[in-house]
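Subject: Structural model for your review

Dear colleague,

Please find below the sequence and structure that I am handing over to you. A summary of what was found follows.

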Amino acid sequence: MKLSHFNFELPEELLAEYPAENRDESRLMVLNRKEQTIEHKQFKDIIDYFDEDDVMILNNTKVFPARLFGNKEKTGARIEVFLLRELNEEQRLWDVLVDPARKIRIGNKLYFGDDETLVAEVIDNTTSRGRTLRFLYDGSYTEFRKKLTSLGETPLPKYIKRDVEPEDEHRYQTIFAKKEGAVAAPTAGMHFSKHLLKRLEIKGIDFAEVTLHVGLGTFNSVEVEDLSKHKMDSEEVTIGPETVERINKALKKRRRICAVGTTAMRAVESAVSSNHTLNEIDGWTNKFIFPPYDFSIANAMITNFHTPKSTLMMMTSAFAGHDFVKRAYDEAVKEKYKFYSYGDAMLII
């Protein structure tokens, strides 16, 4: 498959600037792979497609306020700093993206907050926009992290042109988020409300949690026509013994196992054993899934509607079939479904 196979025209008005008023009342498109049918539902209708002992795999990563604004020493220029990952707790070293990057060189200092008690020094260039920063702060590590959190804002995707609003702090987050470390939300999970989770639980549906800390690599554009040459950034992934036991039991019983989101799918597909069961994992994955691909663990998937030529759309195509996904996306545009992070959802069974 080539990159150009994943291009399509997306009208700008279909980009969701805000989430649905209620999490579980987003629209839901249901794709049945066997019947090749498409249904139009509401997200809360998802309960009708699952039975007792089926399993939903949830990514419990938590988004941290990764976007900071600082001022460059001497010139006072406003610089956006996007925290990607912590490299060294003791030395307070971080991988970041800076914007505008052309103004930021090794040795520059950035000052944050009105009191300027937090300072960062640029110590390395990593990519065209990437830098390594050493933060300087007169306080304990816990106080330093608190300071970062208080100065940071919710890292809404760039295509959302509006300012961050207080509401975004909890809406750009799943209700089962626990383990801080993501710079972008696992958006398929954002459609679940407390009420819907309770109803699913009462019906006997089991939940298995994995952690994949979503990095910006998931959203990096693919620059090569030959997909086999694209390299994914590594993201941290953890799958513990309890989840492994639950999922392998469901596999044995041939139950429906649903990956809630492309990140949950990448997590489990990064930990497949030679006999196609799930293993524990505590490490990093740079797995890139595109057609053709044989999935070993999940036989259903919930996902949002993704950007043209994105790795997320490629994974969805690998799971549902390229022509079927193309037809579904055409239908979504025609029916004015909302796309991207705050958009509507798709269930593939």
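Two strands count as paired if DSSP finds at least two bridges between them. Helices (H or I, at least four residues) and strands (E, at least two) are DSSP runs, numbered from the N terminus. On that basis, strands E9 and E10 run antiparallel and are joined by 6 bridges.

This is a predicted model, in which local features need pLDDT of at least 70 and side-chain atom pairs count only at pLDDT 80 or more, while totals for chains, interfaces and linings use all residues. Residues are numbered from 1 along each chain as its sequence is written, and side-chain values use heavy atoms, with hydrogens and water left out.

**The barrel**

E9 and E10 belong to a closed barrel of 6 strands with antiparallel pairing, in the order E5-E6-E7-E10-E9-E8. From one strand to the next, the twist averages 45°. Axes here are lines fitted to C-alpha atoms, for helices over the stretch in contact, and angles run from 0 to 180 degrees between N-to-C directions.

The pairings within the barrel are as follows:

- E9 and E10 form a hairpin with 4 residues between them; Asn125 has Arg131 in E10 as its bridge partner.
- E8 and E9 run antiparallel with 4 bridges, and Leu110 is partnered by Ala120 in E9. These two strands form a hairpin with 5 residues between them, where Gly113 in the turn has a positive phi of about 80°.
- E5 (residues 67-72) and E6 (residues 78-88) pair in the antiparallel sense over 5 bridges, with Asn71 opposite Arg78 in E6. In the loop between E5 and E6 lies Lys74, a residue other than glycine with a positive phi near 70°.

Helix H1 lies across E5, E6, E7 (93-99), E8 (109-112), E9 (118-125) and E10 (130-136), and runs at about 90° to E9. Contact means heavy atoms within 4.5 Å.

**A further hairpin**

Leu28 stands opposite Lys41 in E2. The hairpin of E1 and E2 has 4 residues between the strands, and Gln36 in this hairpin takes a positive phi near 60°.

**Cis peptide bonds**

Asp99 and Pro100 are joined by a cis peptide bond with omega of about 0°, and Pro100 lies in the loop between E7 and E8. The bond from Pro291 to Pro292 is also cis, with omega near -10°; Pro292 is found in the loop between E15 (281-285) and E16 (300-304).

**Helix packing**

Two packed helices are described by the angle between their axes and the distance between the axes. H6 (residues 311-320) and H7 (residues 322-334) pack at an angle of about 120°, with their axes 7 Å apart. H6 is therefore oblique to H7, given that angles under 35 degrees count as roughly parallel, over 145 as roughly antiparallel, 65 to 115 as roughly perpendicular and the rest as oblique. The contact involves Met313, Thr316, Ser317 and Ala320 of H6, together with His322, Phe324, Val325 and Tyr329 of H7. By class, this contact has 5 nonpolar, 3 polar and no charged residues. Ala, Val, Leu, Ile, Met, Phe, Trp, Tyr, Cys and Pro count as nonpolar, Asp, Glu, Lys and Arg as charged, and the others, Gly among them, as polar.

**Cavities and pockets**

On a 1 Å grid over the protein atoms alone, a cavity is a set of points where a 1.4 Å probe fits but cannot get out, and a pocket is an open set with protein on both sides within 12 Å along at least five of seven lines; lining residues have an atom within 4 Å of a point. Grid points are joined across faces, edges and corners, and a volume is the space filled by probe spheres set on the points.

The structure holds 3 cavities of 30 Å³ or more, and the largest cavity contains about 70 Å³ of space. Residues lining the largest cavity include Arg23, Arg171, His191 and Tyr342. Its lining divides into 4 nonpolar, 5 polar and 2 charged residues.

The second largest pocket has a volume of about 260 Å³. Of its 17 lining residues, Val63, Phe64, Pro65, Thr154 and Glu169 are the closest to the centre. E4 (61-63) and H1 (141-151) are the elements that give two or more residues to this lining. By class, the lining of the second largest pocket has 7 nonpolar, 5 polar and 5 charged residues.

With kind regards
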